[in-house]
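Subject: Structure handover

Hello,

Here is the structure for you to look over. My notes follow below it.

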Amino acid sequence: QDEWRLVTKTLPLRCERIGDHELRAVDAAFHESLRRLGVARVDTLLVHHAQDLLAPGGEELHTWLLERKSEGTALRVGASVYDGDEVAALLDRFDIDVVQLPANIADQRLLADGSIPQLHGSDVEVHVRSLFLQGVLLAAPAFAAKRFPEQVAWVASFHAECARRNVTPQQACLSFFKSRDEFTAAVVGVSSAAELSQLLAAWDSAPAMDWSGWAVDNKRFTDPRLWNT
């Protein structure tokens with residue numbers, strides 16, 4: 001059985017400038033995470049919000065990350081991003097190993113704008129979150145139609161296409177991940193051992209399928225940050 005690879009994130013700062021006070025808070029939170037996990041190190045340590053690295057003083061936060069690599073408490077470091085501008089800025093300014101980003105059948109922005117291929121070409125691991133679009137792609141079409149009336153036709157077509165391809169929506173989302181060589185890890189959530197078993201079964205049975213023609217050009221649908229605006 002493969003060994004678990006632990007990935008954790010830094011304390012989110014969301015401040016205008018990174019200084020000594022913020023670095024001490026990040027350091028304390030990271031060591032508390034190690035204590036609570038009962039481990040001496042993690043495989044990957046990600047800055048919770050890329051803007052914490054890109055803010056004034058972010059170079060000091062990056063230096064702190066590299067110190068964690070040097071001392072062995074984190075084998076790899078990186079950041080969580082939302083858009084291509086953040087990817088470009090990070091690659092331009094910092095040495096990172098891993099980027100976590102959103103992508104799914106509906107949201108293929110970071111593939112289309114070249115961000116994901118650029119990361120892959122720079123030997124940066126791509127960890128993909130929001131594969132199920134916060135569950136919307138798995139929900140009954142009636143739910144999605146009520147919440148996103150402008151996407152009624154797309155959602156209905158997606159479920160019809162899943163039926164045509166003889167896969168469940170969950171298998172379809174996982175098959176999208178499997179179809180991309182640039183993707184290394186999928187970030188998904190479960191709340192029980194039964195859910196994990198069901199997810200693993202869907203993973204094992206999902207073939208790699210091309211969904212490149214199914215991207216939706218509507219951020220109010222594909223970006224959960226905008227759902228309540």
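Start with the helices on the sheet. Helix α1 (residues 20-37) lies across β1 and β2 (42-47), and runs at about 145° to β2. Helix α3 (residues 58-71) packs on the sheet too, where it touches β2 and β3. Its direction makes about 155° with that of β3. Contact here means heavy atoms within 4.5 Å. Axes are lines fitted to C-alpha atoms, for helices over the stretch in contact, and angles run from 0 to 180 degrees between N-to-C directions. Helices (H or I, at least four residues) and strands (E, at least two) are DSSP runs, numbered from the N terminus.

A word on the source. This is a predicted model: local features need pLDDT of at least 70, side-chain atom pairs count only at pLDDT 80 or more, and totals for chains, interfaces and linings use all residues. Residues are numbered from 1 along each chain as its sequence is written, and side-chain values use heavy atoms, with hydrogens and water left out.

Now the sheet. It is open, with 6 strands in the order β1-β2-β3-β4-β5-β6 and parallel pairing. Two strands pair if DSSP finds at least two bridges between them. β1 (7-9) and β6 (183-186) are the edge strands, each pairing on one side only. From one strand to the next, the twist averages 30°.

β3 (residues 74-80) deserves a look. On one side, 5 bridges join β2 to β3, in parallel. Leu46 stands opposite Gly78 in β3. A further 3 bridges link β3 to β4 (residues 98-102), again parallel. Ala79 stands opposite Val99 in β4. The chain goes from β3 through helix α4 (residues 84-93) to β4, a right-handed β-α-β crossover. Right-handed means that, with the strands pointing away from the viewer, the path from the first strand over the helix to the second runs clockwise. β3 is mostly covered, with 6 of its 7 residues buried.

Last, which loop holds Gln151? The one between α7 (141-147) and α8 (152-165). Gln151 counts as buried because its relative accessibility is 9%. The cut-offs are under 20% relative accessible area for buried, over 50% for exposed, and partly exposed in between (1.4 Å probe, protein chains only). Leaving out residues up to four places away in sequence, Gln151 touches Val216, Asn218 and Phe221. Its side chain makes a polar contact with the side chain of Asn218, at 2.8 Å. A polar contact is a pair of N or O atoms within 3.5 Å; within protein, one must be able to donate a hydrogen and the other to accept it, and residues adjacent in sequence count only if both atoms are side-chain atoms.

Best wishes
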